[in-house]
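Welcome! Let us walk through this model together, one question at a time.

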Amino acid sequence: MKWIIHMLCLMLLLTDITLVVGGVSYPAHRFMLCISSDVFESMLMNSKRSDSHQNVIELQEVPLCIEVFPLFLQYFYTGEITLEHNNIMPMLVLADKYNVKDLTVLCVEYMCEHIADAANQGQLVTWFQYVLSINQPMMVNAAYFCKIWQDTECIKVKPLWNKLFKACRNFIKWNIDTCVDCFNTFQCDVLVGLLKQSDLVVLDEIQLFKYVVSWLNYQTAKKLTECNDSDTVEEYRISLTEHVMSYIRYPMIPPRIIAQLLVEPVLKQNMNFFVEKMAAAMEYNMIKKEEKQSNAKNLLECTPRLYTCPRWGDEFSICQKSIKDFLSVKKEITTNSDLFERDQEKPDRTHWNVELFLKGLWFGKALWISWSDSLVLPEMIVKMVRATIELKLKKDEKMRTFSYLVRVAILVYALQNKITHVVSVVQKVVLFNNEQVKITIDDFMVYDAINRPKTNINDTNVSYIIYESLKFHVIITPIVPGLTDTHIGTRIQHVHF
């Protein structure tokens, strides 16, 4: 039967309808169109519709969809298709438009398996915004575009799209440097929502500032091609700059670097706006932090993102073959002690001991004794991944009462199609004091994906093993009560699963 249908397609036998797309005619069979697509069935079988009585139907498609329409139509007959990066987006648009469910599933699965490639080729933001558009409610506001970047059920994503939506969203947030080639394709509201996020992984705030400058230049140039009125374009540029640049966290930029920004063209063009922003940011480095008044705006401005620069942590790689069963891998890291970098030649640094148990935990035989009885506890092996982070106390801290509120984050890297990226992020707000100098975080990685040979993460095409090594980055940033957002809790999130 499949062979007969294939021959009908190749030889154009018994065709009873012609589809015209982009000026090209495609003979087809009503029967095949109707059994493959609910939309075509409604179009051709509903006698109340004029299309049902016509032998030639012209379909209006965008240019990219016109190019792949022959492959799309051929899929109706063969059930086979070769998906690639240059045809996946228009093919998905056609499959979704005409409700070809099995082809839609194939497209979504392909995209989930090529998230990292899409970022590398400048397509991932387009993928994300398309999935967002087809799941977007009728009424949206600024809060909506902020929540889409968070791990909440803020939008009702169709089950088929849910995995792809989360994968695109988290990959962009945690691998913004990999997405640099598609950064300029952000819609304004979507970009502003991203800039409001505190779990955005980036080298530092200056790097993010430069990405936004590039986006502004691109949008201005685009507007110039649409409008020849220079005054209108200039008004647009000023308004857009002040809107988007308001979400850069200027207090997170060291004073010595803020001064260097004054030579940037975008600052010269919007001098009054930026001088006000930078003067306010400098205040945090000039006065005592407890004298600042808390408000919702301060909570965002004074909340560090997940910066990977040396000020706030360190990364380390571990050769997989060197990891021993039940033994930990240890590393000492240092971070800035203060959130704001005062005019100091050498900022105070805090030392931490990081210990990772990647091959499970072993508990030896023990004797449990109570007032009425005793019990021998057998040795036990627990197959799990654990991290401990310990604050190394200074000599004076051991002798006095102290408390130190921080956000701890662990970035876990993985490999998809030979592209290294952050695959999981764990965050936790912790109060270190005399009673607690060490914390434990369990199950932030999939145990079997580390310890079973050639095992990927949860049946995906993603592996923790990056050229025989495991890669992590630990970030620890201070929290200033009243100035820093602490609504984080303990969260473990992933890209692909």
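Buried means under 20% relative accessible area, exposed means over 50%, and partly exposed lies in between (1.4 Å probe, protein chains only). This is a predicted model, in which local features need pLDDT of at least 70, side-chain atom pairs count only at pLDDT 80 or more, and totals for chains, interfaces and linings use all residues. Residues are numbered from 1 along each chain as its sequence is written, and side-chain values use heavy atoms, with hydrogens and water left out.

Q: What percentage of the residues of the protein chain count as buried?
A: The C-alpha atoms of the protein chain fill a box of roughly 90 × 75 × 40 Å along the principal axes. The protein chain has 497 residues, and the share that counts as buried is 49%.

Q: How many helices and strands does the protein chain have?
A: Helices (H or I, at least four residues) and strands (E, at least two) are DSSP runs, numbered from the N terminus. Counted that way, the protein chain has 19 helices and 19 strands.

Q: Among contacts between residues at least 6 apart in sequence, what percentage join residues at least 24 apart?
A: Contact here means heavy atoms within 4.5 Å. Of the contacts in the protein chain between residues at least 6 apart, the share joining residues at least 24 apart is 71%.

Q: Is helix α8 largely enclosed or open, and which elements cover its buried residues?
A: Eight of the 11 residues of α8 (residues 124-134) are buried, so this helix is largely enclosed by the rest of the structure. Among the buried ones are Leu124, Trp127, Phe128 and Tyr130. Leaving aside neighbours within four places in sequence, Leu124 touches residues including Ile115, Cys168 and Phe171. The cover over the buried residues of α8 includes α5 (88-97), α6 (101-112), α7 (115-120), α9, α10 (159-174) and α11.

Q: Within what arc do the buried residues of α13 fall?
A: In α13, the buried residues are Val233, Arg237, Leu240, Thr241 and Val244. The arc is that of the directions from the helix axis to the C-beta atoms. Seen down the axis, these buried residues line one face of the helix, because they fall within an arc of 100 degrees.

Q: Which exposed residues does α13 carry on the face turned away from its buried side?
A: On the buried side, the cover includes α11 (188-195), α12 (205-226), α15 (265-269) and α16 (271-283). The face turned away from that side carries the exposed residues Asp231 and Glu235.

Q: How many residues apart in sequence are the parts that Tyr26 and Phe69 tie together?
A: Rings of Phe, Tyr and Trp (its six-membered ring) pair if their centres lie within 6.5 Å; planes under 30 degrees apart count as stacked, over 60 as edge-to-face and the rest as tilted. The search of the whole structure finds 19 aromatic pairs, and Tyr26 with Phe69 is a tilted one, at 5.5 Å centre to centre and 50 degrees between the planes. Tyr26 lies in strand β2 (residues 24-28) and Phe69 in helix α4 (residues 63-78), so the parts they tie together are 43 residues apart.

Q: How far from the ring centre of Tyr413 is the charged end of Lys471?
A: A charge sits over a ring if NZ of Lys or CZ of Arg is within 6 Å of the ring centre and within 35 degrees of the ring normal. Lys223 lies over the face of Tyr236 at 5.0 Å. For Lys471 over Tyr413, the distance is 4.4 Å.

Q: What is the phi of Glu468?
A: Most residues other than glycine have a negative phi. Glu468 lies in the loop between β17 (462-463) and β18, and is partly exposed with a relative accessible area of 47%. Although Glu468 is not a glycine, its phi is positive, at about 70 degrees.
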